[in-house]
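User: I'd like to learn how to read an annotated site in a model. Could you walk me through one?

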Amino acid sequence: MLKKPLTLRQCELVAAVLADVLRDGATLDRAYARQFSELRLAPSEQAAIALVTGDLLRRLNLYALLAGVEVEHAGIAAWSLLCIWHHFYNLPMPDCAAARQFDKSGYEARKQQARSAPMVWDGCPAWLDALGEEQLGDQWPAERRALGMTPLRYLRANTLKGSVDQLMQRLAAEGVETRPVAGVAHAVQVLNDAALFRTAAFQEGWFEQQDAGSQHIAAFLNVEPGMRVIDACAGAGGKTLQLAAAMHGKGRLLAMDVEEWKLENLRQRARRAGAHNVEARVITSSKTIKRLKETADRLLLDVPCSGLGVLKRNPDAKWRDTESRLPVLMALQADILNRYSQMVKPGGKLVYATCSILPSENQDQVARFLEQRGDEFQLEAEQVISPAATGFDGFYMARLVRRRDEA
Ligand SMILES: C[S@@+](CC[C@H](N)C(=O)[O-])C[C@H]1O[C@@H](n2cnc3c(N)ncnc32)[C@H](O)[C@@H]1O
């Protein structure tokens, strides 16, 4: 937590980001890029702004209640939220007009009210609380609490460039303090407010920023050097690059997506990472998939999902989304699993993965697929990464083996 209040300038930046997100509907990433791209903030300053903005968005309904404003109006009440945030953490108020007008009467009563409503205390909107309760039952309160916490910073060492130890030494020389993460082979946790993307280690492709829980997914695919591997929902390539490293750059790794701009980003990242066995190909129609029938030893389907496992990192989503998106996403997930699975060779394997913790997007999808295609595919293993149990973001992965044709 902060040791001193934000400066006026820092408060202005937080208010500008909140207005972009809550009033104008921008994603948090886009709002940061828009507000910070022209500034060269010190790492500690950037970290303080991100900490406050992130926490305000993670528990927006709590701070809105304490400030006596409606969540719907939070985008134009950023200064009240900032004042209440400082008061809540027993920090002196920032030196601003809103602080001078700040009325503490009723604060304690409102805090009691919030304390007795766990959904509000944990920063969860009503639609999400109902969904979590319905799908996760007794497990939901712990997950809800975990999803309201500040995420830690993790990197993945790119073993095409060097080992975890070598990366940690390089980063230490550039002022970045790190430590290894137990149980996640190539993950390191960043311990200080370093400007990671300005380091030579980053520019030279020695690491990518990636949650430690997320690093389990590509590892779950069990790729080997020389294989033919397809990452069919590759996006900007977070997992593609990890697969390339696990393949020691040997074999063929085809990264596909329906969005060409994401693949362009992936190509740049692959160049920086020295991942020379990656080919990026846009999916223009079902023919793109059919042409690859039975060509893959391994297939990763990191499908579009609600993202409810990564709300710590993307807290803006829960104030923009509603449960109405879920059926649309589930239909798309089922379609991708059904059609894209044809790319796996007999004897090959696929991993279906999401960054959601909802069974309807995870276990239920896989069970339904196996009900229909159980004569072709068999479940080999599945794993849930629980934010409550691990402190990481939340994920699901299932590994299916394509049965060999009977002679
Ligand atoms: C969860 S994201 C992938 C994240 C990525 N694997 C990573 O590690 O950074 C899902 C991706 O699926 C893509 N997508 C959406 N519909 C698709 C489809 N029908 N076929 C393939 N990809 C699709 C989206 O553009 C998005 O990039």
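User: Which residues does Asp302 touch, not counting residues up to four places away in sequence?

Analyst: Two residues are in contact if their C-beta atoms, placed from the backbone, lie within 7 Å. Here Asp302 touches Ile217, Cys233, Lys239 and Ala353. This is a predicted model, where local features need pLDDT of at least 70, side-chain atom pairs count only at pLDDT 80 or more, and totals for chains, interfaces and linings use all residues. Residues are numbered from 1 along each chain as its sequence is written.

User: Is Asp302 buried or exposed?

Analyst: A residue is buried if 20 or more other C-beta atoms lie within 10 Å of its own, exposed if 12 or fewer, and partly exposed in between. Asp302 counts as buried because it has 24 C-beta neighbours inside 10 Å.

User: What does the UniProt annotation "binding site" cover?

Analyst: UniProt positions are given in the numbering used here, feature names are shortened, and annotations may be inferred rather than shown by experiment. In this unreviewed entry, "binding site" covers Asp257 and Asp302. They are spread over 46 residues of sequence but cluster in space, with a largest C-alpha distance of 10.5 Å.

User: Where is Asp257 placed?

Analyst: Strands (E, at least two residues) and helices (H or I, at least four) are DSSP runs, numbered from the N terminus. Asp257 is in strand E6 (residues 252–257), while Asp302 is in strand E8 (residues 296–302). Asp257 is buried too, because it has 22 C-beta neighbours inside 10 Å. Leaving aside neighbours within four places in sequence, its contacts include Cys233, Lys262 and Ile283.
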